[in-house]
Amino acid sequence: MNEPVSETVEPDLFAFIQKGDEACQKCDYEEAYRFYTLAVEENPLFSKPYYKRGMVRYLQNNLDAAEEEWHKAWKLEWQK
């Protein structure tokens, strides 16, 4: 049985995602990508940072990299 995400995800992970979101809102895409990567390193089985890294790559007009990130997120979601 899967536990709710809030019980299985570390607080640092959410802090990294929040900092990435803030950097992305300021159009600091490299900094946002860095924070999302830290979130992936914190928990590589959580799909949200992969999705957000894909959004950063999309905003940078790197569609191939965006698609790769979104594919990783999709695979993680469908493995559950």
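1. Helices here are DSSP runs of H or I with at least four residues, strands are runs of E with at least two, and both are numbered from the N terminus. Tyr58 counts as partly exposed, because its relative accessibility is 43%. On this scale, buried means under 20% relative accessible area, exposed means over 50%, and partly exposed is in between, using a 1.4 Å probe and protein chains only.

2. Before going on, a word about what you're looking at. This is a predicted model, so local features need pLDDT of at least 70 and side-chain atom pairs count only at pLDDT 80 or more, while totals for chains, interfaces and linings use all residues. Residues are numbered from 1 along each chain as its sequence is written, and side-chain values use heavy atoms, with hydrogens and water left out.

3. Now the overall picture. The protein has five helices and zero strands, and reading along the sequence gives the pattern α-α-α-α-α. It has 80 residues, and 36% of them count as buried. The accessible surface comes to about 5500 Å², with 52% of that belonging to carbon and sulfur atoms; these areas come from the Shrake-Rupley method with a 1.4 Å probe, and for residues only the protein chains shown count as cover.

4. A contact here means heavy atoms within 4.5 Å. Trp74 lies in helix H5 and is partly exposed, with a relative accessible area of 49%.

5. Back to H4, which covers residues 48-59. This helix has twelve residues and reaches 17 Å from its first C-alpha to its last, close to the 16 Å expected at 1.5 Å a residue. The expected span is 1.5 Å times one less than the number of residues. Just after H4, Asn61 takes a positive phi of about 65 degrees.

6. Which residues of H4 are buried? They are Pro49, Tyr50, Lys52, Arg53, Gly54, Val56 and Arg57. These buried residues pack against helix H2 (11-25), helix H3 (29-42) and helix H5 (63-79).

7. Lys52 deserves a look of its own. It lies in helix H4 and is buried, with a relative accessible area of 17%. Leaving out residues up to four places away in sequence, Lys52 touches Ile17, Asp21 and Tyr36.

8. On to the charged pairs: the structure holds four salt bridges. A salt bridge is a side-chain nitrogen of Lys or Arg within 4 Å of a carboxyl oxygen of Asp or Glu. One of them joins the side chains of Lys52 and Asp21, at 2.9 Å from N to O. Lys52 is in helix H4 and Asp21 in helix H2, so this pair ties together parts that are 31 residues apart in sequence. Asp21 itself counts as partly exposed, at 24% relative accessibility.

9. Another salt bridge links Glu69 and Arg53, whose closest N and O atoms are 3.0 Å apart. Glu69 lies in helix H5 and Arg53 in helix H4, so the pair ties together parts 16 residues apart in sequence. Glu69 is buried at a relative accessible area of 5%, and Arg53 counts as buried at 8%.

10. The side chains of Arg34 and Glu31 meet in a salt bridge of 2.8 Å, N to O. Being three residues apart in helix H3, Arg34 and Glu31 are separated by about one helical turn. An α-helix has 3.6 residues a turn, so residues three or four places apart point the same way. Arg34 is partly exposed at 40%, and Glu31 is partly exposed at 26%.

11. Finally, why don't Cys24 and Cys27 form a bond? The sulfur of Cys24 is 7.3 Å from the closest cysteine sulfur, in Cys27, which is too far. The structure holds zero disulfides, a disulfide being a pair of cysteine sulfur atoms within 2.5 Å. Cys24 is buried, with a relative accessible area of 18%, whereas Cys27 is exposed at 52%.
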